[in-house]
Amino acid sequence: TVTAELKNKNEDHGSLNDENSSERSFVGGSSCNGIHTLAFPSISTSDFQFDLEKASDIIVDSVSDFLKKFDSVRLVLVDLSDKSKILSLVRKKAAEKNIESNKFFTFVGDITQLYTKGNFRCNVIANATNWRLKPGGGGVNAAIYRAAGDSLEIATKERAETLSPGNSVVVPLPSSSPLHLREGVTHVIHVLGPNMNPQRPNYLKNDYVEGCKILHDAYSSLFENFASIKC
Ligand code: AR6
C-alpha cells in the first residue's frame with residue numbers, strides 16, 4: 001500500500017507539471033484532472049470515540065461495496081500521523097479483501113493541505129462534522145473551516161441548517177475560498193457519524209448495534225453524494 005501511495009503521489013505530481021508548469025492555481029480549470037478523488041477522515045473515531053476495530057471493518061466494507069459500482073474514482077482515507085491506528089487497521093483489512101490499491105489507499109497528511117504539502121490532488125474532501133454544521137470544536141472540522149475561510153460557513157448554511165447522524169451534505173466551495181484556490185478542492189461533504197462520547201450530543205451509550213448501523217449509513221451517504229458530483 002505504501003508503494004501505491006507513492007505511485008499515486010508521483011503520478012499526480014507528474015500530471016501537474018505537464019499541465020500547470022507556470023501556475024499553481026486551479027481557477028478556471030478542472031481540478032480533478034480526470035480522476036474524481038474523495039479524501040475522507042475516519043468518521044467518529046476520535047472526538048466521537050467510536051471503536052477502531054468496528055470502524056475499520058465498516059470503512060473497508062463500505063469502500064468495497066462502492067468500488068463494485070463505480071469506475072474511474074478514487075477513495076483515500078487520510079489521517080495526520082503515520083502512527084495512526086485506524087490507517088494501519090484499514091490497510092490490513094483492505095489488503096485481505098483484495099481491494100484495488102490504485103482505487104483505495106491511505107494517505108498521511110493534513111486533509112486541508114493535501115496538494116500544497118503532499119503534492120496530492122483531491123477535488124472533494126469529507127468533513128467529520130457536528131449536528132449543527134458549525135465551525136470550530138476540534139479535530140478535522142475545525143481544520144477544514146479554518147482552511148476554507150468564512151465562505152464555507154455561508155455556503156453550508158445555504159444547503160442545510162442541521163444534519164442527523166448517518167447523513168451527509170455536499171457543499172460546493174466558492175472559487176474564492178483558499179481551500180479551493182490553493183488546494184483545488186471544489187466540494188466539501190459534511191458527514192455526521194455516530195457519537196460514543198458522553199460529552200457530546202446524541203450520545204449512544206455504548207449501543208454499537210445502533211452505532212454500527214449509523215456509521216455504515218454515514219459512509220454510504222458520503223460515497224453516494226461523492227458519486228453524484230460532476231468531476
Ligand atoms: N487532517 C486529516 N485528518 C484529521 C485532521 C486533519 N487536519 N484532524 C483530525 N483528523 P475528529 P469525530 C483525523 O475528532 O471523531 C469535532 O469537534 C483524526 O485523527 O475530527 O467524527 C466536530 O465538530 C481522526 O482520525 O471527528 C464533532 O463535534 C478523524 O480525523 C466531532 O469533533 C476524525 O476525528 C466529530 O468527532
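Predicted model: local features only at pLDDT ≥ 70, side-chain atom pairs only at ≥ 80, totals over all residues.
View 1. Altogether, 32 residues line the largest pocket. The space in the largest pocket comes to about 730 Å³.

**View 2. Helices and a strand contribute to the lining of the largest pocket.** Strand 2, helix 3 (85-96) and helix 4 each provide at least two of the lining residues. Helix 4 gives the largest share of this lining, with four residues.

**View 3. The ligand sits in the largest pocket.** Among the elements, strand 2 (73-79) and helix 4 (139-148) are the ones that give two or more residues to the shell around the ligand. Helix 4 makes the largest contribution to the shell, four residues.

**View 4. A shell of 23 residues surrounds the ligand.** The closest of them are Ser-44, Asp-47, Asp-79, Asn-130 and Val-140. Sorted by class, the shell holds nine nonpolar, eleven polar and three charged residues.

**View 5. Ser-44, Phe-48 and Asn-130 each place an N or O atom by a ligand oxygen.** Let us take these residues one at a time. For Ser-44, a backbone N or O atom lies 2.8 Å from an oxygen atom of the ligand. Phe-48 likewise uses its backbone, with an N or O atom 3.0 Å from an oxygen atom of the ligand. In Asn-130 it is the side chain that takes part: one of its N or O atoms is 2.9 Å from an oxygen atom of the ligand. How much of the ligand's area does the protein bury? Taken alone, the ligand exposes 710 Å², and the protein buries 91% of that.

Note on methods. Residues numbered from 1 in each chain as written. Heavy atoms only, no water. Near = heavy atom within 4 Å. Polar contact = N/O pair within 3.5 Å; in protein donor to acceptor, adjacent residues only side chain to side chain. Areas by Shrake-Rupley, 256 points an atom, 1.4 Å probe, with all protein chains shown as cover. 1 Å grid on protein atoms, 1.4 Å probe; cavity = no way out; pocket = protein on both sides within 12 Å on 5 of 7 lines; lining within 4 Å. Sits in = over half its atoms within 2 Å of the grid points. Nonpolar A, V, L, I, M, F, W, Y, C, P; charged D, E, K, R; others polar. Points joined across faces, edges and corners; volume = space filled by probe spheres on them.
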